[in-house]
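The tour below goes through its pockets, one selection at a time.

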Amino acid sequence: LWKSGAIRWWVRFEDFIKEVEGLELFSKGWRGLIYRGYWKGKKISIKRAKEGKEQAIRKECEILRLLKGLRGFPQVVACGEDFLAYEYIEGVPLEKLNLSREERIRVYLKVLEYVKLLDSLGINKDELHRLDKNTLITFNGEVYLIDFERGSLGANKRHNLSQFLQLLVREGLLEKERAVELGRSYARGLEAYDEVKKIILSAL
C-alpha cells in the first residue's frame, strides 16, 4: 500500500477487498468486472480487470487522477495493478431512460461542456459518438461520463468533439455537411465549441 495525493494505491484486487464490506458483483464488461461495496464507510464501485486487460485499467486510473475533484466524472479513491475503485454514482445509464427530446438535448449540452474540459486537459475519452452505456444520469439530473479505459492522455490529436459531432448527426441535431465543416475547424485547432452549443440550443 502506498499513497499518491488523496488516492491510495494497492498491489492487487485481492489485497484491497480485505478492507471492503458487503462486496457484491454488480455487472460484467468486456475488459472487467464491476463490484460494489463499502470502504471506510463510503459506498464505492470497483472495476477489476480481466486477465490481459490490466494495462487498460491502470491507464483509466491515470486519467481519473487528472479528473479528481471535477464534477461529472468518477472520483477515484484507490488503484492497483488490476483494479480501480471510485465513489459509487447513484445514477442510471442513459440508454435505460425514456428522456424527452428537451431532456436529452440538455444532457448533450452538459456533455459538450465536458468535451471542452477534456480537451483542455489533453484527455481523449473515446466512445463519445455513443453515450447510452457510458453516461449516467443521477436522480437529481447530474450527468456523469464513465468508462475511460479506452481513453488516452497527452494525445497529439484531439478527437472528443469530432466523435460528439457524429452523435449529433445521428440524433438529427446537426446536418452532416455542417458536422464535417466543424470537424475540420476543430482538427485545425480552432474553437468550435460555441458554434456547436448554438446548434444544440436551436433544437430546443
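This is a predicted model: local features need pLDDT of at least 70, side-chain atom pairs count only at pLDDT 80 or more; totals for chains, interfaces and linings use all residues.

**Stop 1: the centre of the largest pocket.** Select Ser27, Ile34, Lys133, Ile146 and Asp147. The lining of the largest pocket comprises 29 residues, and these five are the closest to its centre. The volume of this pocket is about 930 Å³.

**Stop 2: the strands around it.** Next, colour β3 (20-28), β4 (32-39), β5 (42-49) and β8 (91-93), the elements that each give two or more residues to the lining of the largest pocket. Which of the elements gives the most to this lining? It is β3, with three residues.

Stop 3: Colour the lining residues of the largest pocket by class. Twelve are charged, eleven are nonpolar and six are polar.

**Stop 4: the second largest pocket.** Move to Ser162, Leu165, Gln166, Val169, Lys176, Ala179, Val180, Gly183 and Arg184, which line the second largest pocket. Its volume is about 150 Å³.

**Stop 5: the helices behind that lining.** Show α4 (160-170) and α5 (176-187) as cartoon; each supplies at least two residues of the lining of the second largest pocket. The element that gives the most here is α5, with five residues.

Stop 6: In the second largest pocket, the lining has four nonpolar, three polar and two charged residues.

Notes
Residues are numbered from 1 along each chain as its sequence is written. Side-chain values use heavy atoms; hydrogens and water are left out. On a 1 Å grid over the protein atoms alone, a cavity is a set of points where a 1.4 Å probe fits but cannot get out, and a pocket is an open set with protein on both sides within 12 Å along at least five of seven lines; lining residues have an atom within 4 Å of a point. Grid points are joined across faces, edges and corners, and a volume is the space filled by probe spheres set on the points. Helices (H or I, at least four residues) and strands (E, at least two) are DSSP runs, numbered from the N terminus. Ala, Val, Leu, Ile, Met, Phe, Trp, Tyr, Cys and Pro count as nonpolar, Asp, Glu, Lys and Arg as charged, and the others, Gly among them, as polar.
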